[in-house]
Amino acid sequence: MRTTLEETAKLLLQGAVVAVPTETVYGLAASIHHENAIDQIFALKNRPRVNPLIVHIADREQIDPFVEQYPPFFDEFAAHFWPGPLTLILPVKTGALHPTITAGLVTGAFRVPRHPLALQLLKLTGPLVMPSANLSGRPSSTRSEHVEVDFGNGFPVLEGGVSTEGLESTILAYLDAKWVILRQGRIPREAFEPLIGYVPDISLYKGGQPLSPGQLFRHYAPQARLSFDLTAKGATHVLGFVEREYPTHLTLLPLGSLTDPATVALSLYDTLRELDQRSVQQAVVDMDFPSLGLWATIRERLEKAAK
Ligand code: TXA
Ligand code: MG
């Protein structure tokens, strides 16, 4: 069910959950002040409650009431990448965010999305939590139709067209006097070097504990079994590149072109969902592509999808 901007704002302020477009992927939105709506998000997605949510804000100033202390380069990050696909983990003031949002952590995750409708909405509603609008473990949604597949035709969705970036935000945290990547995302890690003087490391664990609880769980996976061996027996489809030739018994589902990772990023979840649409049981993925920049995030998503 499509809702207008005004209806969406009204529903959210009344404590409902509505799917909202962002430039990365669609999110399942709830007001940070409506505990029941936040609970409902976890139930709808079948999301483990130990997995905290990102607080989305209209502009940098909106987070001042929550943040205990800003780490070095925070203002530079905000000025350069917001609005946009960057999520920053920041220490939060005690009691400022409901523990269901932070999963009881002393930090919170914050981002200013770039989608014009999301920004207009946030100005009307104030801060919203928004996990990706997909069933936990499944590919994210880059179109309103994807949201309907996962949550049903009656589910309220603010129509925002196809997400222009296609992959989730990059998550950065300041740990032991360095910025590190907790989740690779739409902004490649090399893009931070000009600002902070080094390429942040990808840091998933500290002392055996995952730094970002989301990393613990299965992600982005279609029903079909995926493997990276193009000769795998039983495979009927190949996720591959338009300039390559594949064995003739494999139906090509194009990821895009090897010359254009941005387009691959844009259609990745659509392609993974297409496998389910066609009830494919087994498919192979051509992983012979570069490893730097945005390709690194694409590789990470495909590796997780195949787990
Ligand atoms: O692009 C995006 O970020 C999308 C759109 C809708 O904004 N949202 C999104 O949310 O990807 P979600 O819930 O699917 O992923 C949020 C990730 C999870 O892996 C979670 O563990 C991590 O953020 N996270 C949230 N708060 C955290 C915190 N305080 N410390 C570490 N990781 C945190
Ligand atoms: Mg997600």
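Select R49 and F42. The charged end of R49 sits over the F42 ring, 5.1 Å from its centre (the test: NZ of Lys or CZ of Arg within 6 Å of the ring centre and within 35 degrees of the ring normal). This is a predicted model, where local features need pLDDT of at least 70, side-chain atom pairs count only at pLDDT 80 or more, and totals for chains, interfaces and linings use all residues. Residues are numbered from 1 along each chain as its sequence is written, chains are lettered from A and ligands numbered from 1 in the order written, and side-chain values use heavy atoms, without hydrogens and water.

Next, select R299 and F289. The charged end of R299 sits over the F289 ring, 4.3 Å from its centre.

F241 is buried at 0% relative accessible area, and F289 is buried at 7% (buried is under 20%, exposed over 50%, partly exposed in between; 1.4 Å probe, protein chains only).

Now select F77, F81, Y174, W179 and F192: one aromatic cluster.

Finish at ligand 1. Its shell has 28 residues, with T24, N51, H56, S169 and G214 the closest (a heavy atom within 4 Å). A polar side-chain atom of H56 lies 2.6 Å from a ligand 1 oxygen. For T107, a polar side-chain atom is 3.0 Å from a ligand 1 nitrogen.

Definitions and conventions:
Polar contact = N/O pair within 3.5 Å; in protein donor to acceptor, adjacent residues only side chain to side chain. Phe/Tyr/Trp six-rings, centres within 6.5 Å; stacked < 30°, edge-to-face > 60°.
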